[in-house]
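Colleague: I am new to this one. Please show me the model, and then I will ask how you know what you say about it.

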Amino acid sequence: MTKHRKERLEVYNVVKKWWHSSVVYQIYPRSFNDSNGDGIGDLKGIIEKLDYLKNLGIDVIWLSPVFKSPNDDNGYDISDYEDIMDEFGTLEDMELLLKEANERGIKILMDLVANHTSDEHKWFTQSRKSKDNPYRDYYIWRDPVDGHEPNDLGSTFSGSAWEWDEATEQYYLHLFSKKQPDLNWENPKVREEIWKCMNFWIDKGIGGFRMDVIELLGKVPDEKITGNGPMLHEYIREMNRNTFGGKDLLTVGECWGATPEIAKMYSNPDGSELSMVFQFEHIGLDQIPGKEKWDLQPLNLISLKQVFNKWQTCFNEDGWNSLFWNNHDVPRIVSRWGNDKEYRVESAKMLATLLHGLKGTPYIYQGEELGMTNIKFKDINQYKDIETLNMYKDRLKKGYTHEEIMESIYAKGRDNARTPMQWSDEINSGFTTGTPWIEVNPNFTEINAKEQESNPDSIYNYYKKLIEIRKNNEVIVYGDFEMLLPEDKNIFAYVRTLKDTKIVVVCNFYADEVEYNLPKEYEDKKEVLISNYGLSLPGRLRPFEALMYKG
């Protein structure tokens, strides 16, 4: 399909968009590739690896924040929206990255953090000077109630979401770190400032935005409404009209609380809001209901199938899906729901097959294409993530043992995804010639890009083939979805159908060999597109075996 060409599918009345058939690759710049030996990844390091990404076959890079920041939350605390963090390089380096990526047919998504800024942003430093400062209403300030916080809203990073400011004797709101004060989106001047910053980057030629915690923009803190507030979609439509609307850019919002109905509002193909959203319903399935993400339970495959079935069938021509297993905030999928030991390669390929056969735009997180695994640091001081460190202190106070807390961190900590990219078996995995900002996973000598690029049976080359299959088979992009064997406790199977073409995906989710029986019309394997074991066995699946074939 030619990019940017609008064309209606004969059967499904879907307006084709370039990002429907695209594959997005997320880069966490701090951990991707260090070009100058200071131990921190940077923009020139990304430029050095663009050919690696072009060879993989991806179309878009989602770049986690590279804006100017004091790095309280690894760049998600922005102090200047129109400049680059010193550790990552310069504005000229960013412009060069855009140029070099564009020459390879790769678009760049900037990670827009518009819910909050750094407390070092000039807006906030002015805001806290006095109650009558012109910037005071850029943030959310409240008087104490009975000598305490205005209410019991909690921070995602533990503790109260309200921070006392001694100078002006009021509290300000921070739904994340106290160094990340929330912007007041009810103030039209704030919205105008954000439009200006977005247009600054659009004019430089970016391919769109990933929008951090966008569902929080319409918050009503006095009523303890954080996500999906009453003005949220009006704000997004206003954003669309004033920035990217009509420019054929990819926009994706991070929406932890999205339902299918809400997602349809965001991704309505009338173009009034966004291209798509990240919804996280599947991500919470190994969390005990009603408790925190650190309170673990085993994954129930039936529940996972039910969630995917819902999100695969809820959109017709009225919305679009994003597809992902990993990102910078969640653990490595091969360690989480695969087997990162004896079946690491097989389970990584199985999970990739399952995801990349679905309807929606797939997102690959750096190192996922290598089967990178979670990290188990022995000492809490080896961890860098503010959420993890705050949780550790909080849970110790609540009576949890060190061992209990560490098990939760090993399973769900954000630093699992943030250890340096494993490029080679050389010192520090080829990520840096200096001391890395966070320690490299010791298994880099076995798991690295250099070995996998030259190995035709590697996970990397398996991902490369999956991307090629998607681009060569419109049925995967636009076909209907039907779950097969919905009650099977071991197998995830489905069929995609477009006109007379059917593609069947069958995956054994576990380490035991299992038998299976598909409906007769799907038994004939006319053409095996990809398999992680080679020739298949009739009616049996080996540990973590995956098949994708035309039926």
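Modeller: Start with helix H6. Helix H5 (188–202), strand S9 (208–211) and H7 are among the elements that cover the buried residues of H6. Keep in mind that this is a predicted model.

Colleague: Which residues of helix H6 are buried?

Modeller: Helix H6 covers residues 232–242. Its buried residues are Leu232, His233, Tyr235, Ile236, Glu238, Met239 and Asn240.

Colleague: Step back to the whole chain. How many helices and strands does the chain have?

Modeller: The chain has 15 helices and 20 strands. Its C-alpha atoms fill a box of roughly 75 × 55 × 45 Å along the principal axes.

Colleague: What makes the radius of gyration agree with a compact globule?

Modeller: Set the value against the rule. A compact globule of 551 residues would have a radius of gyration near 24 Å. The chain has 23 Å, so the two agree. Buried residues make up 60% of the 551 residues. Of the contacts with a separation of 6 or more, 69% join residues 24 or more positions apart.

Colleague: Why is His356 called buried?

Modeller: Buried means under 20% relative accessible area. His356 has 1%, so His356 is buried. This residue is found in helix H10. Beyond residues up to four places away in sequence, His356 touches Val23, Pro362, Ile364, Tyr463, Leu466, Arg470 and Ile476.

Colleague: Which residues of H14 are buried?

Modeller: They are Ile459, Tyr460, Asn461, Tyr462, Tyr463, Leu466, Ile467, Ile469 and Arg470. Among them, Tyr463, Leu466 and Arg470 touch His356.

Colleague: How do you know that the span of helix H14 agrees with its residue count?

Modeller: Helix H14 has 14 residues, 459–472. At 1.5 Å a residue, they should span 20 Å. The end C-alpha atoms are 20 Å apart, so the span agrees.

Colleague: And what makes the span of helix H8 agree?

Modeller: Helix H8 has 13 residues, 301–313, and should span 18 Å. Its end C-alpha atoms are 18 Å apart, so the span agrees. The buried residues of H8 are Leu301, Ile302, Leu304, Lys305, Val307, Phe308, Trp311 and Gln312.

Colleague: What do the buried residues of H8 pack against?

Modeller: Their partners include helix H7 (260–266), strand S11 (276–279) and helix H10 (344–356). Strands S12 (322–323), S14 (480–484) and S15 (491–498) are also on that list.

Colleague: Why is Gly430 called partly exposed?

Modeller: Its relative accessible area is 29%, so Gly430 is partly exposed. Gly430 is found in the loop between helix H12 (402–412) and helix H13 (449–453). Not counting residues up to four places away in sequence, Gly430 touches Asn33, Trp423 and Ser424. Gly430 and Lys450 are 20 residues apart in sequence and 9.6 Å apart in space, C-alpha to C-alpha.

Notes
Residues numbered from 1 in each chain as written. Predicted model: local features only at pLDDT ≥ 70, side-chain atom pairs only at ≥ 80, totals over all residues. Heavy atoms only, no water. Helix = DSSP H or I, 4+ residues; strand = E, 2+ residues; numbered from the N terminus. Rg over C-alpha atoms; globule rule 2.2 N^0.38 Å. Buried < 20%, exposed > 50% of the residue type's maximum accessible area, 1.4 Å probe, protein only. Contact = heavy atoms within 4.5 Å. Expected span 1.5 Å × (residues − 1).
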